[in-house]
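Let's take a friendly walk through a protein model. Have the sequence and the 3D view ready, and follow along as we look at charged pairs and strands.

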Amino acid sequence: KLCAAALALSMPVLASAEAKLVDTQTFARSITLGRASDTYVTREDWRDTLRAMDGTALSESYADISAQEKGLYYEVANENGVNQTGLMDAAGTLLIPMTYSDFTYVGNGWVVNFADASAQGGGDPLLIYRFGKAVNSDEMMHFAAYLLNGRKPYATMGNDAFRSLQSLLCCNELAKATPKHDMPDVTWYPETEFCYMKNKNGMFVAAKGGFNNESHNHNDVGTFSLYVNTIPVIIDAGVGTYTKQTFGKDRYTIWTMQSNYHNLPMINGVPQKFGQEYKATNTVCNEKKRMFSTDIATAYPAEAKVKSWVRSYALDDKKLIIGDIYTLDEAIAPNQMNFLTWGNVTFPSAGKIRIEVKGQKVEMDYPSQFKAELETIKLDDPRLSNVWGKEIYRITLKTEEKKVTGKYGFVIQ
């Protein structure tokens with residue numbers, strides 16, 4: 001979003017778009033409509049295709065799509081009413097939706113970092129403020145002030161002279177803005193199947209469904225991250241320095257891209273696979289109960305021989321409960337559960353793991369049929385080590401059982 005914002009703000013004011021767009025099919029394919037013809041859709045890895053959440057391509061035209069000029073931005077509507085607002089260019093392409101969410105920002109520089117993202121970030125306060133002002137988003141302007149954390153805003157002369165000068169002009173305005181960053185108890189994005197939940201005890205959980213061909217994809221359908229008082233405890237490692245391998249045929253030989261280095265099971269000893277068809281199904285968020293569940297079976301290839309595997313996350317006022325209920329076509333190898341973390345990890349007794357990170361402590365209770373092992377992952381890539389330090393750890397829970405059906409429960413508090 002911020003990249004698109006930067007692009008929009010670094011360009012001169014664009015010519016007005018036609019109020020009525022003639023080529024509605026091209027227009028529909030150039031944006032992501034939150035709801036069109038009562039079907040949730042998502043864009044496939046920045047390609048010129050809209051897909052329903054079940055992965056099938058949508059080919060129907062969207063009737064009566066129009067764009068009404070609203071100053072710097074346009075209001076986009078279809079037959080069901082107003083759908084999106086945002087900056088558009090003269091051809092009617094939505095550059096960035098006006099609707100903006102800062103809910104991926106957990107606090108103290110830590111963010112939700114699914115796919116190719118770092119766990120540390122937040123953005124440029126001046127750029128966020130200017131874009132918020134351009135699209136009349138109080139949320140963006142308040143968030144920009146919040147990111148300053150009491151510091152005075154100042155603009156630096158970077159590679160983009162226009163951006164730097166525009167930032168310089170709004171320093172005084174940003175200095176007067178009210179800092180604000182309010183997180184709801186549950187945030188649910190049905191198009192991407194991202195779910196964020198928090199409780200009053202300082203726990204914040206980010207979980208996802210989705211599919212394994214998303215933009216900058218990792219094979220991570222069903223994974224989660226856990227933060228305690230803004231500090232990540234169960235983590236997503238993120239991504240290393242980009243190389244030719246990162247975007248080539250060997251991408252999924254990189255450990256950070258693999259499901260067995262996310263907080264997920266290996267089913268029958270098999271990890272998830274890359275591809276549009278490897279996806280979550282029956283994904284549900286119950287906001288009142290603070291519960292998220294998704295069937296991750298179809299994120300695994302045929303050799304996993306899994307019929308159903310429902311992974312769930314339920315957050316109450318004191319603890320996170322992780323559930324797995326599964327049915328296999330055949331039990332070939334024992335299942336294995338993986339959790340990534342950092343800090344200090346100890347095993348005080350059978351069925352219990354303690355993790356302490358930067359003063360935050362949690363305990364995980366796991367089923368008695370598992371035995372815990374700890375793998376040290378050395379980080380020699382500065383893009384990773386600058387975030388986590390010299391090493392992180394993979395907790396592996398292994399069982400000797402081979403069962404066609406079963407359920408597991410893990411409690412973190």
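## What counts as a salt bridge

A salt bridge is a side-chain nitrogen of Lys or Arg that lies within 4 Å of a carboxyl oxygen of Asp or Glu. Behind this is a simple idea: side chains of opposite charge can pair when their charged atoms come close.

Arg 394 is buried, with a relative accessible area of 10%, while Glu 375 is partly exposed at 27%. Please keep in mind that the model is predicted.

How many salt bridges does a search of the whole structure find? The search finds 18 of them. Among these salt bridges, Lys 352, Arg 354, Glu 363 and Asp 365 are linked in a network.

Another salt bridge joins Asp 220 and Lys 208, with the closest N and O atoms 3.0 Å apart. These two residues come from distant parts of the chain, 12 residues apart: Lys 208 belongs to strand E11 (residues 203-208), and Asp 220 to the loop between strand E12 (211-212) and strand E13 (224-228). Are the two partners buried or exposed? Asp 220 has a relative accessibility of 2%, so Asp 220 counts as buried. Lys 208 has a relative accessibility of 0%, so Lys 208 counts as buried too.

Now find Arg 290 and Asp 317, which form a salt bridge with the closest N and O atoms 2.8 Å apart.

Strands of a sheet pair through backbone hydrogen bonds, either parallel or antiparallel. Here, 8 strands line up in the order E17-E18-E19-E20-E27-E24-E23-E22, and the pairing is antiparallel. The edges are E17 and strand E22 (344-349), each of which pairs on one side only. From one strand to the next, the twist averages 15°.

Let's step across part of the sheet, one strand at a time. E18 and E19 pair in the antiparallel sense over 5 bridges, and Met 291 stands opposite Ala 314 in E19. On the way to E20, Ala 314 has Ile 321 as its bridge partner. The antiparallel pairing of E19 with E20 runs over 9 bridges, and a hairpin of 4 residues joins these strands.

The next step leads from E20 to strand E27 (residues 405-412), and this antiparallel pairing runs over 8 bridges. To spot the pairing in the 3D view, look for Gly 323, whose bridge partner in E27 is Gly 409.

Methods
Residues are numbered from 1 along each chain as its sequence is written. This is a predicted model: local features need pLDDT of at least 70, side-chain atom pairs count only at pLDDT 80 or more; totals for chains, interfaces and linings use all residues. Side-chain values use heavy atoms; hydrogens and water are left out. Buried means under 20% relative accessible area, exposed over 50%, partly exposed in between (1.4 Å probe, protein chains only). Two strands pair if DSSP finds at least two bridges between them. Axes are lines fitted to C-alpha atoms, for helices over the stretch in contact, and angles run from 0 to 180 degrees between N-to-C directions.
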